[in-house]
Structures are given as structure tokens and as C-alpha cells.
Amino acid sequence: MKYLKKFVLLFVLFFMYSYIVSIDNIPINIKIFQGENIDIPTLWGINIEKENDEIIETTSNLSSSTFNKIGKEKLQVNLFNKIKLKTINVEVLEQIEVIPSGEIVGIKLYTNGVLVVGTTSIEGNDGKIYKPFENTGIQEGDSIIEINGVSINSTKELITEINKSGGNDIEITYLHESEQKSAKITPILGKEGNYKLGLWVRDSAAGVGTLTFYNEEENSFVALGHAITDIDTGEIIQTSSGEIDDVEIISVVKGEKEEPGRIEGSIKNNSCIGSIYNNTQFGIYGIVKNKSNLNLNYNRKMKVASRGEIEIGKATCLSGIDGEVKEYELEIEKIYLNNNYDNKSMVIKITDENLISKSGGIIQGMSGSPIIQNGKLIGAITHVLVNDPQIGYAVFADQMINPKSY
């Protein structure tokens, strides 16, 4: 009898554990394309309903529904139609076709105002040390957008307005974490004869990255797979404008353990490809202005895959690391289906010996390299692991085509 009770207890515990695991494995957020099915394995008694109480499936091991309306919808997960377990947020995206690129491009980004990247003490012309920025609330990572009501778009304009003050109080309007604030500050006349605030500022950023894809219908592009951040503050640069340009690759520094490699390039004169209108955690977005400066292979035009279509195993990436866009082999090792909050959606490993011999694996400048599997664009390379340059992260393509979803 004692053994029977133990057996029954173990059976009940196993039964409960199976349901807990099944419920936990049901995703909270799902992105699919118009007309695509949702397949969610369930156990008996776990029901998935639309908000209008239409039951999708009640007793089968598979819950499935086809969504044809673009937009957002909610599904309710219940146990025996009595106990509410969780809500599934479904976003139905328009099915689009894009042309994956892989071309290395130069990137110029201009900030919204001027970015504060540091502070420093000032020695006045009287020999005393001042910190005029103290008690103003201005911090590293903030953006100065106005001085006495005059818009500031460059460091040159900032210096001009500060010197106009003649040492009198000025009112600074600045952005702190997207919130507009203002403060009064008294410029200090330095030993060199110029008025200063004790703020280090920057008004632009430039670098090299990879164009992920071109959308022919919208004449738009997406690149990088991650945001451009300031090297000093680590914050996403709030852009006012920017552009991508054709670039000449000067050299490729191979990546090694603890020493990330990089692509070194020089932006060509008068080679603008397009203008940037947004800098987000899932990439930079813009409109193509000069298609003649962009090398496109229209034979590669393909659909964008939803994350549910991605499989562990072989895939390829496109990269113009040696001046010509070529296809290289890699492996998808892990997939984080519920990841809607950052650009580390998949773990990938470069397996192509030709690419490894050239770069050592993933290097700076390859961010944005499109990844293809089963004839569809599934994502883009975003990061490298410092301790192993052959391994890194990639972002889902469904996040790149609609970055403001969650």
C-alpha cells in the first residue's frame, strides 16, 4: 500500500509538472505574417481562445489558427475553460519581399542637438577653477538642443551662442532620457579668451557597417541590426539626420580570442546611397536616394521569414568583406522565440572556412550581414562573443521590418 501511495504521488507530481512545463512553453508574444498558421503544442484541457471567446482548439495536442487581418490580436489561454492562465499577444505582419544585401557601407549620423559626452573643470582667466555645469542637472548622455531659444545643431553653433553671452547667464534646453528640460548656467571666460561651460560635446558619429536589405516597394533600406550608440556614453544616439555611403575597404583585421577584429574602410566622396531617418535597437532605417551607388542582386529577392519558421541548423550569410558580396555558411545554434526586447534573438556560429580565414569569424563592420535559410531572410548578424569570434548573436528579421511592435 505504501508503494502504491508513492506511485500515485509521483504520477500526480509528474502530471502537474507536465502541465506547468506545457503552459510555460506557450509564448507570450508571437509575430506571424498574414495568412500564416500558429502552431502551439498543448495538453488536454488547455484551451486557447480569441478575445471574442471563439475557441481555436480544445482537446487536440495542436492549437492552430490562420490570421488574415494585419494588426494585433490577443488570445486567452485557459484551463478547462475555467482558469485563465495567460494572454498571448499576436502581431500579424504584412508579408513582404526584400532584396538582402550584405554590402559594406559607410554610415554618418548627426545628433539631435549636440550630445554631452563628458564634463570637466575650467580654469578661468582669473586663475580660479570653475564647474559651471554643477547643479544644472545636465548629465553625460543628454543632448543640448537650444541656447536662449536658439536651436543648436552643431558644436560650432553651440560655441557661437555661448560666446555671445559675454559671461551672462544663458538658458539651456536639453533632452534627458527623451524628456525636455531647461537650466540656467553662467559661462566662464577661460584663459584662452573663450567662454566655456565645462561640457564635452559631440554632434556626429561615423563608422562602417553592413546593409541588411532593400525594400523595393518602399525604396527603403535597413542596416546594422542594432543601434548606433555613442562610444563615450553607451546611449543610443538620437539622430536628426544621417546617411549611408559607398565605402572603400582598406583592410580587414582578423578577430581573435579577446581581440575583436574589424573592417577598416574609407567613405568615398560624393557616394551617398541614402538618408537615415531612424536609429533603433534593431537597426538603422532610411530611404535610398541614389540607387546607382547601391549594388543590388534582384535575383536574390525573397520573402522575410517569421521566427517560427527558423530552424536549428545550417544557414548562410551574405557579406562584402572582401569588396564583393559572397555567401558564407553558418549554423543556427539557439533560437530565443520569445525575445522581443533586444537584438540577441539567435546564437550563430560561422562555419565557412573561407570567411574564417579572412576575418576569423564575426568582426566589427559585419553587423547587419543578412542571414538566409530555406530561401528566406531570417535575420542579421549583430554581435560577436569576445572569447570566440566564430560565435555571435543575430536579430530576427521580423523585428527588423517592424521594430516598434513591442
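Trainee: What makes K326 count as buried, exposed or partly exposed?

Mentor: This is a predicted model, so every value is computed from it. K326 has a relative accessible area of 32%. Buried means under 20% and exposed means over 50%. K326 is therefore partly exposed.

Trainee: Why is the contact of D322 and K326 called a salt bridge?

Mentor: The N to O distance is 3.2 Å. The cut-off is within 4 Å, so the pair qualifies as a salt bridge. D322, K326 and K358 are linked in a network of salt bridges.

Trainee: How do you know whether D398 and R307 are buried or exposed?

Mentor: D398 has 0% relative accessibility. R307 has a relative accessible area of 4%. Buried means under 20%, so D398 counts as buried and R307 is buried too. Their side chains meet in a salt bridge at 2.9 Å, N to O. D398 lies in helix α4 and R307 in the loop between β23 and β24, so the pair ties together parts that are 91 residues apart in sequence.

Trainee: What are the labels for E331 and K314?

Mentor: E331 is at 23%, so E331 counts as partly exposed. K314 is at 65%; exposed means over 50%, so K314 counts as exposed. Their side chains meet in a salt bridge of 3.5 Å, N to O. E331 sits in strand β25 and K314 in strand β24.

Trainee: Why do β24 and β27 count as paired strands?

Mentor: Pairing needs at least two bridges. These strands pair over two bridges, in the antiparallel sense, so they qualify.

Key
Residues numbered from 1 in each chain as written. Predicted model: local features only at pLDDT ≥ 70, side-chain atom pairs only at ≥ 80, totals over all residues. Heavy atoms only, no water. Helix = DSSP H or I, 4+ residues; strand = E, 2+ residues; numbered from the N terminus. Buried < 20%, exposed > 50% of the residue type's maximum accessible area, 1.4 Å probe, protein only.
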